[in-house]
Amino acid sequence: MNHFIFLDSHTHILPAMDDGAKNIEESEQMIRSLKEQGIEELFLTPHYYSHKESVDKFLHRREKSFQELKPILDHYDMKYSLGAEVYAIPAIFNYANLDDLCIEGTDLLLLEMSSPKSDPQHELNMIQEIYSRHSVEIILAHIDRYPFMLKQKTLKEFAKLDVYMQLNLDFLDAVFFVKQKYLRYIKQGYVQFLGTDCHRIRDKQISKIQKYRSQLAAKLTAEELQSIY
Ligand SMILES: [Fe+2]
């Protein structure tokens, strides 16, 4: 086994929180599968939509879901940090306690840009606005979902804002040109986090971690692999 990718930095495993795991049984299946494939740690990142729910209400729901999941995480000896995948719309500024949505014990905020079709300038402005109001460090969720990120010039605009970037591992299943592009971004040091963004046990990427590891090991140097969490 290739010894890297221990952390799944983007998951929807908390039971009955969002469009992820439906119940605790499904959460357990997902954790077992990831653990069997060498994942040692999870960021638990359910969707947070500020136009639908207050931060406090979300945190309350998350805590309830987490209490149900905790014995399973412990049983599988899976490390974890609670967090959220925060949808980037102005309604988030209604709340002063955005910091509470960061990955536990860090100031890392996993941010989901509003739309793959949006004007990248709109997303850049949003990030700047967040940084002007909150002392958080942004991880841009699944940059592979946004076609505008394929333009290196645009990607550099984001990188200039000092954001971290996360790729969903199934970018490796994309067409050749797209896959090569994101591999190059890893090589160039733009990407710090990989994740499955798994929602349901039926999601194909859950059972393909080993395959993705082999592919990355074949394409990247040991040094490049070490630059990813
Ligand atoms: Fe997600």
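**Entry 1: terms and model**

I count two strands as paired if DSSP finds at least two bridges between them. Helices (H or I, at least four residues) and strands (E, at least two) are DSSP runs, and I number them from the N terminus.

The model is predicted, and local features need pLDDT of at least 70, side-chain atom pairs count only at pLDDT 80 or more, and totals for chains, interfaces and linings use all residues. Residues are numbered from 1 along each chain as its sequence is written.

**Entry 2: overall dimensions**

I looked up the secondary structure and found seven helices and nine strands. The C-alpha trace spans about 45 × 40 × 25 Å along its principal axes.

I then checked the radius of gyration, taken over C-alpha atoms, against the globule rule of 2.2 Å times the number of residues to the power 0.38. For 229 residues a compact globule would have a value near 17 Å, and the protein agrees with 17 Å.

For burial I use C-beta atoms placed from the backbone: a residue is buried if 20 or more other C-beta atoms lie within 10 Å of its own, exposed if 12 or fewer, and partly exposed in between. By this count, 38% of the 229 residues are buried.

Among contacts with a separation of 6 or more, 79% come from residues 24 or more positions apart.

**Entry 3: the six-stranded sheet**

I traced an open sheet of six strands with parallel pairing, in the order β3-β5-β6-β7-β8-β9. Its edges are β3 (47–48) and β9 (193–195); each has a single partner strand, so one side of each is left without a neighbour in the sheet.

Glu-85 has Leu-110 as its bridge partner in β6. On to the next pair: β6 and β7 (residues 137–140) are joined in parallel by four bridges, and Leu-109 stands opposite Ile-138 in β7. Between β7 and β8 (residues 164–168), which run parallel, I found two bridges. Here Leu-140 is opposite Met-165 in β8.

How many residues of β6 are buried? Five of the five are, so the strand is largely enclosed by the rest of the structure. In a regular strand the side chains alternate between the two faces of the sheet. In β6, Leu-108, Leu-110 and Glu-112 point one way, while Leu-109 and Leu-111 point the other way.

I next looked for nonpolar cores, each a set of buried Ala, Val, Leu, Ile, Met, Phe, Trp, Tyr and Cys residues joined through C-beta atoms within 7 Å. The largest has 57 residues, with the most contacts inside it made by Val-86, Leu-109, Leu-111, Ile-139 and Leu-140. The strand that gives the most to this core is β6 (residues 108–112), with four residues.

I listed the contacts of Val-86, leaving out residues up to four places away in sequence: Tyr-48, Ile-92, Leu-101, Leu-109, Leu-110, Leu-111 and Glu-112.

**Entry 4: the three-stranded sheet**

I found another open sheet, of three strands in the order β1-β2-β4, with parallel pairing. β1 (7–11) and β4 (79–82) are at its edges with a single partner strand each, so one side of each lacks a neighbour in the sheet.

Three bridges pair β1 with β2 in the parallel sense, and Thr-11 has Leu-44 as its bridge partner in β2. Four bridges join β2 (residues 41–44) to β4, also in parallel; there the partner of Leu-44 is Leu-82. I marked β1 as mostly covered, with four of its five residues buried.

**Entry 5: Asp-18**

I located Asp-18 in the loop between β1 and α1. Is Asp-18 buried or partly exposed? With 19 C-beta neighbours inside 10 Å, it counts as partly exposed.

Not counting residues up to four places away in sequence, Asp-18 touches His-12, Pro-46 and His-47. The C-alpha atoms of Asp-18 and His-47 are 6.4 Å apart, although the two are 29 residues apart along the chain.

**Entry 6: helix α6**

I found Ile-209, Arg-213 and Leu-216 buried in α6 (residues 209–219). Seen down the axis, the buried residues fall within an arc of 70°, so they line one face of the helix; the arc is that of the directions from the helix axis to the C-beta atoms. What covers them includes α1 (24–36) and α7 (222–226).

Key:
Two residues are in contact if their C-beta atoms, placed from the backbone, lie within 7 Å.
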